[in-house]
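Here is a short report on one structure.

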Amino acid sequence: MYGRIAVLDKPFGEFKVQEIPVPEPKRGELLVRQVMCGVCGTDVHIYQGRLPDVKYPLVLGHEIIGTIEKLGEGVNRDHTGREVEEGDLIYVIPALRCRRCYFCLDLRQPNLCMDGTAYGFNPYPDEPPGFYGGYGEFLYMRHPNSEFLKIDAKPEAAVFLEPLTIGIHAVSRVEIHVGDVVVVQGAGAIGLSALIAAKEKGAFKMIVIGAPKSRLELAKEFGADLTIDIEEIEDPKERVEIVKSETRGGYGADVVIECTGFPSAVPEGIDMVRRGGFYAVAGHFTDAGPVMINPYSAFTRKHINLVGVWSSRLEDFIRGRPIIESGRYPIEKIVSHKLPLERCKDAMEAMIEGYRLDGKEVRKIVIQGGL
Ligand SMILES: [Zn+2]
Ligand SMILES: [Zn+2]
């Protein structure tokens, strides 16, 4: 049997669709038939050559949902003990942690693993490209540290599990109490994920700041109480005042979660936090440059809790799965485009230039190996 993969040859290169033999999973391994794979901002950064550790050529894609094509010997449950059989829909947890380094073993913070890799990030750089990323018809889970979860939801909703884990991880780093006001800066996939996670943790009032209007409307459908359109209210100071006016005593939000990737959002977001509140930087997965901050007024005088958020953990996937399975949020509405392997480059270009493709706005593009 043969299957197709879309191979990116170099930064800003071409995605060449190749046919290669489909491997037979051995003991402990798994062969997955890709149903869809979300296109992430990180994929675009790899396309642009902005992740220095990633080697080319490679098969991109780490938001992978698929059905079990073939179970290797001894594989009969997912990582929460749910029984699996061929044909079941599963989420491929992309990260492949080493489980040996100081951070994995001693500190038990595997998201900080020193020696890890991931599906979609070329886990086997010394071999020719294979079924090791989501932009292909199959995914071959041969790495011994592979993890997956069976998921009972529409693929269009289930595909959002990996982005959702970033929001879940972010809110696990802050305190949210009954009655709290939480601000999310950014209305992209990570912003929506932080919105869902903060609501699930008990936020009383959710404010989402971003653009364009259609994304803010989606944020409202997901439960945002107030949205602030940065294209309408262009002055950051004015945005800070609006946030403050929505909080107890006008002192500022209890928690602000940055999900924009723009350095200038950070000082603005810190201005929105009340004294003693939390600020989580969850949107900076690549280096977008520095920003000026006054440590006295931003941190010390405000006694602020500042946290960074890097990647996510198995635990975040396990916590996110029931949220998606519940159908409580119209998550499937995030998928705006379904493209075949031949159109990976169109996806990259749309996300670099203006977030429009085929005459409509891009929310989340998915690549489908079966198209
Ligand atoms: Zn991603
Ligand atoms: Zn490790």
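## Cavities and a zinc site

E63, E156, V159, F160, I331, I334, V335 and K364 line the second largest cavity. A cavity is a set of points, on a 1 Å grid over the protein atoms alone, where a 1.4 Å probe fits but cannot get out; lining residues have an atom within 4 Å of a point. This is a predicted model, where local features need pLDDT of at least 70, side-chain atom pairs count only at pLDDT 80 or more, and totals for chains, interfaces and linings use all residues. Residues are numbered from 1 along each chain as its sequence is written, ligands are numbered from 1 in the order in which they are written, and side-chain values use heavy atoms, without hydrogens and water.

The structure has two cavities of 30 Å³ or more. A volume is the space filled by probe spheres set on the points, with grid points joined across faces, edges and corners.

| Cavity | Volume |
|---|---|
| Largest cavity | about 50 Å³ |
| Second largest cavity | about 30 Å³ |

Residues lining the largest cavity include L58, V59, N122 and Y132.

Now the metal. Which residues hold the protein donors of the zinc ion (ligand 2)? They are C98, C101, C104 and C113, each through SG, at 2.3 to 2.4 Å from the ion. Donors are N, O and S atoms within 2.8 Å of the metal (3.2 Å for Na, K and Ca); water is not among the atoms, so sites may look incomplete. Along the chain, the donors of the zinc ion follow the spacing C-x2-C-x2-C-x8-C.

Notes
On a 1 Å grid over the protein atoms alone, a cavity is a set of points where a 1.4 Å probe fits but cannot get out, and a pocket is an open set with protein on both sides within 12 Å along at least five of seven lines; lining residues have an atom within 4 Å of a point.
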